[in-house]
Amino acid sequence: MTTQELNNILKTLKSIPDGNDELARAVLKAAADSITLDRIKELTETVEQKEQPKQNESMNYSEILIFPEKEILKMPRKFRKLFRTQGITAHVHRRKSGKNNWNYEIRCQINKLKVNVSSNNLETAKQKFIKRLYEVETYGDTKTPSIPSTFDGFSEYYFENFYKRKVTAETLRIGLNRYKNHLKPHFGSIAIKRITPKLCQDLLDKLDEQGKGKTADDVHSLLNMIFKTAVKHNIIHSNPMDMVFHSKHEQQHGTALTKEEESLLLSSMAGTPQQLMFAIALYTGMRPNEYETAKLEGDFITAINSKRKNGKVEYKKIPITPMLKHYLVDVDKIEFSSLRILRDRFNKLFPKHKLYDLRTTFYTRCQECGIADVARNEFVGHSLGALGNAYTDLSDEFLLREGNKLNY
């Protein structure tokens, strides 16, 4: 009888449940003709020494793992017969893990599906293996995507799989810029679980000291979302931002142009394509990132509302008001210049204003001319709230009538 055969007999004996002496005797009797008790004792000692490695042992090993009946009974019903009678076997691979520990990896292939688990404790690895069998039974495939555990890897995973689903394209662009310019240089590839509240606080304090209050607000919000997502992925147990102190900076809202500044803007651009661009921006209240979507449709200018999230595309309709009408004579199609060109021209003329102030100016003039709030909100693309959006459907006649009030 070969050593491998003896090994198999010993493992079979070890797997026999307590109290089943008859089965044990049958196994021993079958081997009695070709093995002596001294040889069994010698082999038993060898196997036990192998299963209990010495502290200074450095050799890895791999062998067949025999599950006893009590562990087979814990498996899903469909797998019990496979492990009992159809030759399904698992292999345990032991390798060094740290200075004084060992790691046990259990591998098995069942109907072309690979089941792999590991632990620094063999009994724990067995429990994980049985749990994974239930996952195979439920989902068919045990392969799951790898979740990065470093800050840069997990942040990019978060942006790609979650963040971009809930924000607009422009918000995503800004968020990614904040990450690339501030978060990634500060945290790099450090493991998320090693990031402390102090490390986060240092970044926010630095931005505050530089006078970048709005940036600090955005960074605080991004970090909070990233760490909350890491908690839900069981990468960390708590959010380090819970201990960070941050006061939201007082946001400075835009300032409307005076009527004299309006006139100066349009007159200084006379004879250039930018005059029409500024007139449309000034008398429609569109956000700068909506300019490129603007289209002429009869008595209206339509544009995509950039503040709608979750990939939803919604158009808003702004009537061609008396203030805008004469700039559109003989115009069949709107073609905006690049935002860079518009910003450069505008900032040279009004260094204390920003391009977004044209939207503030339109909103202000609507109020001054007595345009109904519901119509003004429709023009600028503000939400009416869940109930208002569900039950409000303003007619074109009403919008045109309110739009005609913008005449000053």
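**Stop 1: Thr 302**

Select Thr 302: this residue is buried, with a relative accessible area of 4%. Buried means under 20% relative accessible area, exposed over 50%, partly exposed in between (1.4 Å probe, protein chains only). This is a predicted model, where local features need pLDDT of at least 70, side-chain atom pairs count only at pLDDT 80 or more, and totals for chains, interfaces and linings use all residues. Residues are numbered from 1 along each chain as its sequence is written, and side-chain values use heavy atoms, without hydrogens or water.

Thr 302 sits in strand β6. Strands (E, at least two residues) and helices (H or I, at least four) are DSSP runs, numbered from the N terminus. Now show Glu 297: its side chain makes a polar contact of 3.4 Å with that of Thr 302. A polar contact pairs N or O atoms within 3.5 Å; within protein, one must be able to donate a hydrogen and the other to accept it, and residues adjacent in sequence count only if both atoms are side-chain atoms.

**Stop 2: Thr 215**

Move to helix α10 (residues 213-232) and pick Thr 215. Thr 215 is buried, at 11% relative accessible area. Leaving out residues up to four places away in sequence, Thr 215 touches Arg 178, His 182 and Leu 207; contact means heavy atoms within 4.5 Å.

**Stop 3: the largest core**

Select Phe 278, Ile 280, Leu 324, Phe 336 and Leu 358, which have the most contacts inside the largest nonpolar core, of 40 residues. Such a core is a set of buried Ala, Val, Leu, Ile, Met, Phe, Trp, Tyr and Cys residues joined through side-chain atoms within 4.5 Å. Helix α12 gives the largest share, 8 residues.
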